[in-house]
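Please consult the sequence and the three-dimensional structure shown below. The briefing that follows groups its points by topic.

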Amino acid sequence: SVDLSGGEDTRAVTGSYDCTARVWDWPDGRELLSLRHKDWVWSVQFSPDTTKVLSACEDCTAALWDLRSGQCEVTLVGHSREVRQAVFADPLGWRVATASFDETVKLWDLRKGSELMTLCGHTGPVQSCAVGGEVVVSGDINGLLRSWILPQFLSGLSGCVG
């Protein structure tokens, strides 16, 4: 997995089987920071303000990393199988969606480090997810696309939605 910080910033972040997320200066290929995980890193994404990195891991977690300190700020625990993708779900970087091989998508509040809700209904491992406004979409390895319109996600209500 790879993401670019965007704009004039020349950083890229990669996730890999070597259990790291690495931040690079992409024009010269120089490694700036290595973020050590417990297992394979499936996806990485810069926060909207590019000061943090979100990672999804084989160890059933997603993590938020501070790029100034190189430390993990929040670990999101709640999936029972590997987390294949983690994405920021709002422009401020406070909400996150995670897609997992446990056949669910979970929505999280990073400020509290807590799960807001679980989206059910897939018939196979969930490979990816995306958030646009009040819409969450996800795809599983069987080719199924699921979508939810969730105005309550913006207000922070909890629960399970199927």
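Strands β13, β14 and β15 form an open three-stranded sheet in the order β13-β14-β15, with antiparallel pairing. Strands here are DSSP runs of E of at least two residues, numbered from the N terminus, and two of them pair if DSSP finds at least two bridges between them. The model is a predicted one, in which local features need pLDDT of at least 70 and side-chain atom pairs count only at pLDDT 80 or more, while totals for chains, interfaces and linings use all residues. Residues are numbered from 1 along each chain as its sequence is written, and side-chain values use heavy atoms, with hydrogens and water left out.

- Strands β13 and β14 run antiparallel and are joined by six bridges, and Val126 has Asp140 in β14 as its bridge partner.
- The hairpin of β13 and β14 has two residues between the strands, and Gly133 takes a positive phi near 65 degrees there.
- Strand β14 (residues 135-140) is joined to β15 by five bridges, again in the antiparallel sense.
- Along β15, Leu145 stands opposite Gly139, and Ile149 stands opposite Val135.
- Four residues lie between β14 and β15 in their hairpin, where Gly143 in the turn has a positive phi of about 90 degrees.

**The sheet β1-β2-β3-β4**

- Four strands make up an open sheet in the order β1-β2-β3-β4, with antiparallel pairing.
- Its edge strands are β1 (2-4) and β4 (30-36), each of which pairs on one side only.
- The twist from one strand to the next averages 20 degrees.
- Six bridges link β3 (residues 20-25) with β4 in the antiparallel sense.

**Thr20 in strand β3**

- Thr20 belongs to strand β3 and stands opposite Arg36 in β4.
- With a relative accessible area of 3%, Thr20 is buried; buried means under 20% relative accessible area, exposed over 50%, and partly exposed in between (1.4 Å probe, protein chains only).
- The side chains of Thr20 and Arg22 make a polar contact at 3.1 Å. Such a contact is a pair of N or O atoms within 3.5 Å; within protein, one must be able to donate a hydrogen and the other to accept it, and residues adjacent in sequence count only if both atoms are side-chain atoms.
- Leaving aside neighbours within four places in sequence, Thr20 is in contact (heavy atoms within 4.5 Å) with Thr14, Gly15, Ser34, Leu35, Arg36, His37 and Val41.

**Aromatic pairs**

- The structure holds three aromatic pairs. Rings of Phe, Tyr and Trp (its six-membered ring) pair if their centres lie within 6.5 Å; planes under 30 degrees apart count as stacked, over 60 as edge-to-face and the rest as tilted.
- One of them joins Tyr17 and Trp42 edge-to-face, at 5.8 Å centre to centre and with 90 degrees between the planes.
- Tyr17 lies in the loop between β2 (11-15) and β3, and Trp42 in strand β5 (residues 41-46), so the pair ties together parts that are 25 residues apart in sequence.
- Trp40 and Trp42 also form an edge-to-face pair, with 5.8 Å between centres and 80 degrees between planes.
- Tyr17, Trp40 and Trp42 form one aromatic cluster, in which Tyr17 is exposed at 55% relative accessibility and Trp40 is partly exposed at 34%.
- Arg84 lies over the face of Trp42, at 3.5 Å from the ring centre; a charge sits over a ring if NZ of Lys or CZ of Arg is within 6 Å of the ring centre and within 35 degrees of the ring normal.

**The β7-β8 hairpin**

- Five bridges pair β7 (residues 61-66) with β8 (residues 72-77) in the antiparallel sense, and Ala63 has Thr75 in β8 as its bridge partner.
- The hairpin has five residues between β7 and β8, and Gly70 in the turn has a positive phi of about 75 degrees.

**Gly93**

- Gly93 is found in the loop between β9 (83-88) and β10 (95-100) and is buried at 14% relative accessibility.
- Not counting residues up to four places away in sequence, Gly93 touches Pro48, Phe88 and Leu110.

Terms used. Axes fitted to C-alpha atoms, helices over the stretch in contact; angles between N-to-C directions.
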